[in-house]
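Hi,

Here is the structure I promised to pass on.

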Amino acid sequence: MENVTISTTILPIANETDNINLFNRIYVVIFWNTAIAIHLCVALVYCKNGTWSWKVKIFCHSVCWLLPLSVAIAAAKCEVLGEDFAQVTGTWCWIKSSLSRSDRILWMIISGKGWELISYFVTCIMFLYLKGYMWSQRRRFNQRRFNDVSLRLRAEDENYLYLWLIGYLLRIWGTLRFFLFVTGNSSNVKPYADINFALVHLESFGDSSKAFFTFILFCIADKTTRQILMNKICYRRRGYEKILQSLNAEPNNDNTFN
């Protein structure tokens with residue numbers, strides 16, 4: 001009995017604060033991707049001049065930050081967060097495996113997958129609509145870039161269309177595992193065990209690398225941001241060079257004085 005007690009106590013127990021941070025990191029990205037899609041559509045098609053008011057900016061920040069955090073806190077208060085032994089997630093925790101099957105599916109939808117599927121649908125519609133709109137503008141007015149159509153957008157803003165495609169490719173694996181779980185296909189029965197084994201690794205890589213590819217798109221592929229970063233780095237480097245020159249000049253001044 002003592003051995004059993006020890007073995008159960010050393011099982012990985014999820015920290016609720018870690019789970020809240022996990023939800024806030026992952027699903028905030030989903031909300032912001034949707035907000036970017038709506039922003040591009042409105043700025044390109046409907047409101048081509050001016051800038052967003054501070055009220056709109058506060059509203060977007062409130063929804064994209066506070067709504068995922070509220071859902072995560074509600075899940076933590078209901079004590080549904082915990083170790084799921086990688087049945088639906090990668091190597092991290094999500095909804096407790098000790099809950100009933102129906103409760104787990106419900107909380108998976110409320111705490112993430114429902115919002116994710118809505119984001120997939122909205123961003124896909126926006127992507128197709130904006131591509132079709134730019135195609136029509138190119139044929140009718142020979143306007144090929146976003147800044148040719150709208151004064152509110154830059155040419156580089158067209159890169160953000162591919163932000164959604166990157167999200168699809170990186171996060172679709174977890175969504176497939178979720179549907180396998182919902183349909184009742186056990187990960188312990190072939191061929192689903194082999195499929196689930198492959199999807200676990202793809203999901204772990206995709207969810208963990210989302211920030212890296214977002215950095216590539218926002219900072220490296222964006223000419224304006226890349227130029228600002230280069231100016232900052234070069235300016236700091238020039239500052240360091242000036243400091244080194246002054247330090248090297250100090251001994252010479254001392255020798256001259258002596």
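How many salt bridges does the count come to? Seven, taking a salt bridge as a side-chain nitrogen of Lys or Arg within 4 Å of a carboxyl oxygen of Asp or Glu. Before the details, some housekeeping: this is a predicted model, where local features need pLDDT of at least 70, side-chain atom pairs count only at pLDDT 80 or more, and totals for chains, interfaces and linings use all residues. Residues are numbered from 1 along each chain as its sequence is written, and side-chain values use heavy atoms, with hydrogens and water left out.

**Charged pairs**

Side chains of opposite charge can pair when their charged atoms come close. (Helices are DSSP runs of H or I, at least four residues, numbered from the N terminus.)

Arg154 is partly exposed at 26%. The cut-offs are under 20% relative accessible area for buried, over 50% for exposed and partly exposed in between, with a 1.4 Å probe and protein chains only.

Lys131 and Glu158 form a salt bridge too, with their closest N and O atoms 4.0 Å apart. Lys131 is partly exposed at 30%, whereas Glu158 is buried at 15%. There is also a salt-bridge network made of Lys113, Glu116, Arg171 and Asp207.

**Nonpolar cores**

A nonpolar core here is a set of buried Ala, Val, Leu, Ile, Met, Phe, Trp, Tyr and Cys residues joined through side-chain atoms within 4.5 Å. The largest has 22 residues, and those touching the most other members are Leu40, Leu44, Leu130, Phe146, Leu153, Leu161 and Trp164. Helix 2, helix 4, helix 5 (146–149) and helix 6 (161–182) each supply at least two of its residues, with helix 2 giving the largest share, seven. Another core, of 14 residues, lies apart from it and includes Tyr27, Ile30, Val88 and Met108.

Leaving aside neighbours within four places in sequence, Leu161 is in contact (heavy atoms within 4.5 Å) with Leu40, Phe127, Leu130, Lys131 and Phe146.

**Rings**

The search of the whole structure finds six aromatic pairs. Rings of Phe, Tyr and Trp (its six-membered ring) pair if their centres lie within 6.5 Å; planes under 30 degrees apart count as stacked, over 60 as edge-to-face and the rest as tilted. Phe31 and Trp115 have ring centres 5.3 Å apart and planes at 45°, so they are tilted. Phe31 sits in helix 2 (residues 16–46) and Trp115 in helix 4 (residues 101–141), so the pair ties together parts 84 residues apart in sequence.

Best wishes
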